[in-house]
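This briefing walks through one protein model, from its overall dimensions to the surroundings of its ligand and its annotated positions. Please keep the sequence and the structure in view while reading.

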Amino acid sequence: MGSGGEERGKGAGFDGAMAAELVAGLRRSFASGRTRSHEWRAAQLKGIVRMIDEKESAIMAALHEDLAKPQMESYLHEISLAKAACTFALKEMKRWMKPEKVPTSLTTFPSSAEIISEPLGVVLVISAWNYPFLLSIDPVIGALVAGNAVVLKPSEVAPATSYFFAKVLPEYIDNSCVKIVEGSIPETTALLEQKWDKIFYTGNGKVGRIVMAAAAKHLTPVALELGGKCPALVDSSVDVKVAAKRIAVGKWGCNNGQACIAPDYILTTKSFAPTLVDAMKRTLEKFYGKDPLESADLSRIVNSNHFKRLMSLLDDENVSGTIVYGGQRDEQHLKIAPTLLLDVPHDSSIMKEEIFGPFLPIVTFDEVEDCIDFINSKSKPLAAYLFTKDRKIEDQFVKNVSAGGILVNDVALHLANPHLPFGGVGESGIGAYHGKFSFDAFSHKKAVLSRGFGGEAPARYPPYTPQKQRI
Ligand code: NAD
């Protein structure tokens, strides 16, 4: 389905009729039953692991072309996580696939009951540009582990990685059950018009609503992995050197802030802010040098539209005066330096929109409690971070803040634990995946109750005589 050369990331005339044909073919493959066996599922995962091993440098090259992503980041945040998802599933999948025996009740006595996880059927994965390898392959892994046929639509905003999938993935998986469609809005629209058994979308909430509306026409379930403004609260009890390093690597070391779980803004107390700002500045200089625009350890901004969007956030006259570090830009190479802002107005766009870039506003309050109230006055974020040594504050934060996930004393790492669900709540998304949660996201939990012919209870059957009604 992929197109070649300069057409990378584009769909080459893929339309509704082609989408319908594609889905019909996948339905035939799924109906043949071959995706259901453990062997088939394991073979797909092994194929993906082989692809990762054999094509690691091609993946890195694509990520560098799309985002100037440093190799270390590509390896740690995309390649190794994708491989870990496969190896974890290969180890656990048999157990996940087993029917789960559950207790029965007196009403159904005698009987046995079990929950069978069955594949949903033919599913669509639409992914985003910022982690274009992982965000494409990870849901595909989940769909395959659960025994589905799947179409992947990578993001056209990361065309080199999209093209990689179109060209290379088919060499390693069962092509009759896994298809890649490259393209942008027209191609995605053509796909969304079809009837799917699940749509798994990663991206912004505006398009999330378009996906959900299209899915509603066919009563198709969705998983929406969205974003938002992830807060990080830093209280004065912290080891500030370690906190600054972890915040910096979780912000600028994650695609230069173009990450759904990068901290979007910091909250701290007025009295602690100078200490924190000082530690952040020192850390940034250590990490990225005196001229961060020259650092090879920072990704570039993905394209000129996003560059302009970011600049309009920063060049707002009420915001630019609050820069305490950074602010440099190089439009030609789409580079922006890590930038700290202190006490930006709460009603500025930078505090209202998801930043998704290298700016980190620090907002201050008198008390830690005020910070928690501020977080709770906003949409529920995908991740909320807390840095503290104070157990009382930790308990208060974990209990009172609603977010997709919470991480205490670090940033972003919760995503790497396959025993934790990864997903949002409210505006930050619907549904979760990773580890067994991926298997569950793409499975139907079929309830099966089985009875013999004994255990007859006459009162159950008409006529409902007065004697029966007295029971
Ligand atoms: P994007 O521009 O790559 O869009 C995502 C997908 O939607 C693409 O495949 C694109 O082709 C498709 N699309 C775009 N417009 C469409 C339309 N009108 N109709 C149908 N399909 C359309 O990515 P993005 O939205 O810029 O991604 C950034 C957002 O995603 C941020 O909000 C970020 O927080 C969020 N995000 C969330 C996660 C997560 O795991 N929760 C991960 C990464 C990014």
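The points below are grouped by topic, beginning with the model as a whole.

The model is predicted. The protein contains 16 helices and 20 strands, and 47% of its 471 residues count as buried.

**Overall form**

- Taken along the principal axes, the box filled by the C-alpha atoms of the protein is roughly 85 × 60 × 35 Å.
- The radius of gyration of the protein is 25 Å, which agrees with the value near 23 Å for a compact globule, because that is what the rule gives for 471 residues.
- Among contacts between residues at least 6 apart in sequence, 70% join residues that are at least 24 apart.

**Nonpolar core**

- In soluble globular proteins, nonpolar side chains tend to be buried together.
- The largest nonpolar core has 133 residues, of which Val123, Val125, Ile141, Val150 and Tyr385 touch the most other members.
- Once neighbours within four places in sequence are left aside, the contacts of Val123 are Ala143, Asn148, Val150, Trp196, Asp197, Lys198, Phe200 and Phe442.

**Surroundings of the ligand**

- There are 28 residues around the ligand, and those that come nearest are Ser155, Gly203, Asn204, Gly227 and Cys260.
- Helix H6 (185-192) and helix H7 (205-217) are the elements that give two or more residues to this shell, and H6 gives the most, with three residues.
- By residue class, the shell around the ligand divides into twelve nonpolar, twelve polar and four charged residues.

**Annotated active site**

- An unreviewed UniProt entry places the feature "active site" at Glu225 and Cys260; although these positions are spread over 36 residues of sequence, they cluster in space, with a largest C-alpha distance of 9.3 Å.
- Glu225 is located in strand S7 (residues 222-225), and Glu225 counts as buried because it has 27 C-beta neighbours inside 10 Å, where 20 or more are required.
- Leaving aside neighbours within four places in sequence, Glu225 is in contact with Tyr201, Thr202, Gly423, Gly424 and Gly429.
- Cys260 lies in the loop between helix H8 (240-251) and strand S9 (265-269), and Cys260 likewise counts as buried, because 30 C-beta neighbours fall inside 10 Å.
- Not counting residues up to four places away in sequence, Cys260 touches Gly227 and Leu382; Gly227 and Cys260 are also among the residues that come nearest to the ligand.

Note on methods: Residues numbered from 1 in each chain as written. Predicted model: local features only at pLDDT ≥ 70, side-chain atom pairs only at ≥ 80, totals over all residues. Core = buried A, V, L, I, M, F, W, Y, C linked by C-beta atoms within 7 Å. Buried ≥ 20, exposed ≤ 12 C-beta atoms within 10 Å, placed from the backbone. Contact = placed C-beta atoms within 7 Å. Helix = DSSP H or I, 4+ residues; strand = E, 2+ residues; numbered from the N terminus. Rg over C-alpha atoms; globule rule 2.2 N^0.38 Å. Near = placed C-beta within 6 Å. Nonpolar A, V, L, I, M, F, W, Y, C, P; charged D, E, K, R; others polar. UniProt positions renumbered as here; feature names shortened; annotations may be inferred.
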